Amino acid sequence: MYTQGLDQKSSQSAEIKVESAEDNARFQAHVDAEEKIEPKDWMPEAYRRTLVRQISQHAHSEIIGMQPEGNWLTRAPSLRRKSILLAKIQDEAGHGLYLYSAAETLGISREQMGDQLLAGTAKYSSIFNYPTLTWADIGAVGWLVDGAAIMNQIPLCRCSYGPYSRAMIRICKEESFHQRQGYEIMVELCRGSKEQKEMAQDALNRWWWPSLMMFGPSDKDSQHSAQSMAWKIKRFSNDELRQKFVDVTVPQAEFIGLKMPDDDLVYDEESGHYRYGEINWQEFTDVLAGNGQCNRERMRTRREAHQNGAWVREAAQAHAAKKVARAAA
Ligand code: FAQ
């Protein structure tokens, strides 16, 4: 999708070049004028590193994020539900691939990013360390997790880095379909039997707070937000996006007769926003430290999938080598 034909010499020389105040000022002016930064443009090393960190973590999230939903593929309640879920999970794989390609334009290889994930030195979203216990969880994941993802990702379509912003445009269109399919599952369950409605409520109870944590630490604890906003990588702070998500999601829950699992939730007429209770940041820290309910299982599954795919990578390389040899003959 994006060129990987980066001029190795120039990207190396960019790294060793001393960054002058003039270079940085010119770069910031470019960003402030809303002009896109493209792979071969000069950029501060810290900008490049921030993007590699964020985009690769985003890509890893899409790939690991296939696991909780994959858990229900063989148990989806109908053929229609199964084919929709299959298509959604395949979309997530595609998102991961666009994002790895966008990160590769910054001079890191997909293999390096994969190694960082498997070594545990790169993060993926906290949300994918929770289990999908019932079919209603598939509704809740689409409605809440994809809903939160869109809220965070729509502004990324305007990110200052060209390849990331362009990848996000298509991803957001697909995420929007994902959110609707999840909400539709919740609507159906809430219109169904008493047991089905209880199952939907139980899924909401378990997924609500982890979904709020997806937006990252509160603004006062967010290490990267201020710089990322100055560089127009991020357009809104973590708390601003979390608030927008709460404001659109609470009425959706009310519409289908579900109750948010937050006794402190109240609509504030004056500000026009819902005020919500305290997030359990200790739980967030524990999940990031690898101690969530499913961290170990997710990484074990990913490692096994990588090992089991070794023959595919070898076959693809052998095929590519044959093609090159044939073309040279
Ligand atoms: N989980 O200073 P900040 C999806 C880390 S895609 C884990 O605020 P920043 C689609 C953060 O990396 C979901 N770690 O950081 C789907 C940093 O650690 P570091 C993924 C988190 O970057 C749906 C530290 O905490 N979306 O769901 C989390 O300015 C269904 C300090 O935080 C993206 O990645 C977290 N929740 O803001 C797939 C969107 N939050 O790197 C399948 C792009 C924070 O220094 C099924 N990313 N951390 O070691 C972003 O917008 C930003 O990176 C934030 C964090 C907002 C996530």
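**Nonpolar cores and pockets of the predicted model**

The largest nonpolar core comprises 49 residues, and those with the most contacts inside it are Trp143, Leu144, Trp207, Trp208, Phe245 and Leu258. A nonpolar core is here a set of buried Ala, Val, Leu, Ile, Met, Phe, Trp, Tyr and Cys residues joined through side-chain atoms within 4.5 Å; buried denotes under 20% relative accessible area, exposed over 50% and partly exposed in between (1.4 Å probe, protein chains only). Two or more residues of this core are given by each of H5, H7, H8, helix H9 (194-213), H11 and H12, with the largest share, 10 residues, coming from H7. Helices are DSSP runs (H or I, at least four residues) numbered from the N terminus. The structure is a predicted model, in which local features need pLDDT of at least 70 and side-chain atom pairs count only at pLDDT 80 or more, whereas totals for chains, interfaces and linings use all residues. Residues are numbered from 1 along each chain as its sequence is written, and side-chain values use heavy atoms, with hydrogens and water left out.

Leaving aside neighbours within four places in sequence, Leu258 is in contact (heavy atoms within 4.5 Å) with Trp143, Met186, Cys190, Lys197, Ala200, Gln201, Leu204 and Ala253.

His58 is located in helix H3 and counts as buried because its relative accessibility is 11%. Residues up to four places away in sequence not being counted, His58 touches Leu99, Gln153, Leu156, Tyr164 and Met168.

The largest pocket has a volume of about 1,100 Å³. Of its 44 lining residues, Gln57, Ser125, Met214, Phe215 and Gly216 are the closest to the centre. A pocket is an open set of points, on a 1 Å grid over the protein atoms alone, where a 1.4 Å probe fits, with protein on both sides within 12 Å along at least five of seven lines; lining residues have an atom within 4 Å of a point. Grid points are joined across faces, edges and corners, and a volume is the space filled by probe spheres set on the points. H7 gives the most to this lining, with 7 residues. The lining divides into 18 nonpolar, 15 polar and 11 charged residues.

The second largest pocket has a volume of about 670 Å³, and of its 19 lining residues Arg110, Gly114, Arg302, His306 and Arg313 are the closest to its centre. Its lining has 10 nonpolar, 4 polar and 5 charged residues; Asp, Glu, Lys and Arg count as charged, Ala, Val, Leu, Ile, Met, Phe, Trp, Tyr, Cys and Pro as nonpolar, and the others, Gly among them, as polar.
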